[in-house]
Amino acid sequence: MACPSSKLEFAVEQSAPIPISAGIDCESGQLLALVGPSGSGKSTLLRMIAGLSRPQAGRIACGGTVWFDAAKDIFLSPQQRCIGYVPQHYGLFPHMSALDNVRAGLHHLAPAEQLRRAIEWLARVHLDGLEQRRPAELSGGQQQRVAVARALARDPTILLLDEPFSAVDRTTRESLYFELAQLKRELAIPVVMVTHDLNEALLLADQMTLLTIGKTLQSGLPYAVMAQPVNEAAAQQVGIRNIFDGEIASHDAIARLTWLRVGALMLASPLRPRILPGTRIRWVIPNSGVRLRAVGRDYLPISHNRFEVTIQTVLPIGNEVRLTARMDGIDAPLHAQVPIRLADELHLAPGNRTTVVLLEKAVHILPQDCER
Amino acid sequence: MEWPALWLSLKLAMLTVLLLLPAALFAGRALAYRRFWGRPLVEALLAVPLVLPPTVVGYYLLVGLGGQSLIGQWVANWSGHTLVFHFSGLVIASIIVNIPFAVQPIQRAFEAIPREVRDAAACCGMSFWRTLLTVELPLAWPGVLTALVLTFAHTLGEFGVVLMVGGSIPGETKTIAIAIYDRVQAFDFDAAGRMSLLLLVFSIAVLALANGLSRRFGRRHGLPEL
């Protein structure tokens, strides 16, 4: 039962038991990361793609085959969909050996072919020699590899991974990232991975979709989604804490800048000529766009956006210091993270004055939060 | 030792297990996995024999299966004998009384199978029967074994319901539990003691065996104990 390579098209709606209103596409050979906090419905979406959960409305198609169409009353069971599914805790059959776990997905083949393919796939995920071990006798990383081998051995139309790295230690996770990245290059099928870890999505995904309470917030290239969220909810979800109010002051087409009025300050941002001057907006800046130096040791880049600030709080966490500062003329605090060594060197302590540069390129106006 | 009474008890226990267990398997699975309206009521009804005095269950069975009841009349017309005070009535009564002992361990065993395992089976393309036979039953096996042992042992020791529905007809409805009662009534404590000891040893042996097998299976597969 070799399945053809395919593209996933998914658009579903439902109001209960978990409200879902989501649309995603994933091309063959691409890895789409569904990112969202717990309860955002990302695992439910994956179960809908797998056929383990039936949406109330919408359409799901893969490889030109319609798997679900509420309007035409089409619903294919998981058995009919030809999918590779790796659940969060792998869902291995605990009473079977690693070999039999992989063979369990190959029952449509002749016994000799089942055996050949199961052995081949276990070797491919570096588990040769462990074929007869039961899941309880394997480490978390090895269990994950068995689950991946079982999912892929049946030549699926799509590979679905539900938080595949959440149950393994950090070292194992690093090596599994590498293996998944390699596997992805060899597979000509869409891969959909659910994760709540943004770094995981950045490392592995070709496309990323942010979800919140069952709704698609934003889709796109991972770096684009992280740096240019469409609204405040998306910004918060990608970990941006610097979210401010402002107003479009003017556009400078020659310098390719849009000037924002923020409290008593003027701030330069990349040119956005379609937003009319006078429009109330929300803007964000990721942590990487905030540069901080003590006055007197000024190695700051040349920028229009140089502001005086007063340090308010300093909180060391691990190798970093998280601090808040108040810019003169703006009420909302500015959040920044600096290495702990630098914080000591620059005497960043509550009450101290310093200068901050907000990189123009990193200033991003939230397009969905502009006043109409 | 009243060997016919012991044989009758063993025959009743085996028949009860044979007839009840397959139904309990599907009922237990359905209760574990299906969500339907009235499920708490169904669960309560199935558990009723656990909390009602055996004489009350026996009374309702006597009335429900007796010659005056629709079922009793229909069976009497069809077979020529009534269900009460007959071995067949004893089997029906035993099945009904043992429903919770058979269904509940099986239900708990199916519930203990992680949803991810069942999902994975479906995504491996496995049919309902293939999943049941190769994944669910091997994993639920300790629960099925517990149900089998509990049903068998409980039937051997059942007294109140048997007495109400079957009376004490030698060779027909006089089980070993009734025989022990009769011997005590006749002040034959030696015979009653021998039969009681036999039942005691047998019960301890099968329960210990069942628990041992369940634990061994659980440890082998890293499953939680039921």
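1. Let's start with the domains of chain A. In this predicted model, chain A is split into domain 1 (8-236) and domain 2 (243-369); the bounds come from an automatic or database domain assignment. The centres of the two domains, taken over C-alpha atoms, are 39 Å apart.

2. Next, how the two domains of chain A touch. Seven residues of domain 1 are in contact with nine residues of domain 2, where contact means that the C-beta atoms of two residues, placed from the backbone, lie within 7 Å. On the domain 1 side, the residues divide into four nonpolar, two polar and one charged. Here Ala, Val, Leu, Ile, Met, Phe, Trp, Tyr, Cys and Pro count as nonpolar, Asp, Glu, Lys and Arg as charged, and the others, Gly among them, as polar.

3. A word on conventions. Residues are numbered from 1 along each chain as its sequence is written, while chains are lettered from A and ligands numbered from 1 in the order in which they are written. As this is a predicted model, local features need pLDDT of at least 70 and side-chain atom pairs count only at pLDDT 80 or more, but totals for chains, interfaces and linings use all residues.

4. Now the meeting of the chains. The contact takes 21 residues from chain A and 18 residues from chain B. On the chain A side, helix 2 (78-81) and strand 7 (83-86) are the elements that give two or more residues; helices (H or I, at least four residues) and strands (E, at least two) are DSSP runs, numbered from the N terminus. That side of chain A is made up of 10 nonpolar, eight polar and three charged residues. For the complex, the predictor gives an ipTM of 0.81 and a pTM of 0.83.

5. On to chain B itself. Its secondary structure comes to 10 helices and zero strands, and the C-alpha trace spans about 60 × 40 × 30 Å along its principal axes. Of its 226 residues, 39% are buried (20 or more other C-beta atoms within 10 Å of the residue's own, with C-beta atoms placed from the backbone). Among contacts in chain B with a separation of 6 or more, 75% come from residues 24 or more positions apart.

6. Finally, have a look at helix 2 of chain B (residues 39-51). Its 13 residues reach 19 Å from first C-alpha to last, close to the 18 Å expected at 1.5 Å a residue (1.5 Å times one less than the number of residues). This helix bends by about 30° at B:Leu45, with a proline, B:Pro49, following within four residues; the bend is the angle between axes fitted to the seven residues ending there and the seven starting there.

Methods
Buried ≥ 20, exposed ≤ 12 C-beta atoms within 10 Å, placed from the backbone.
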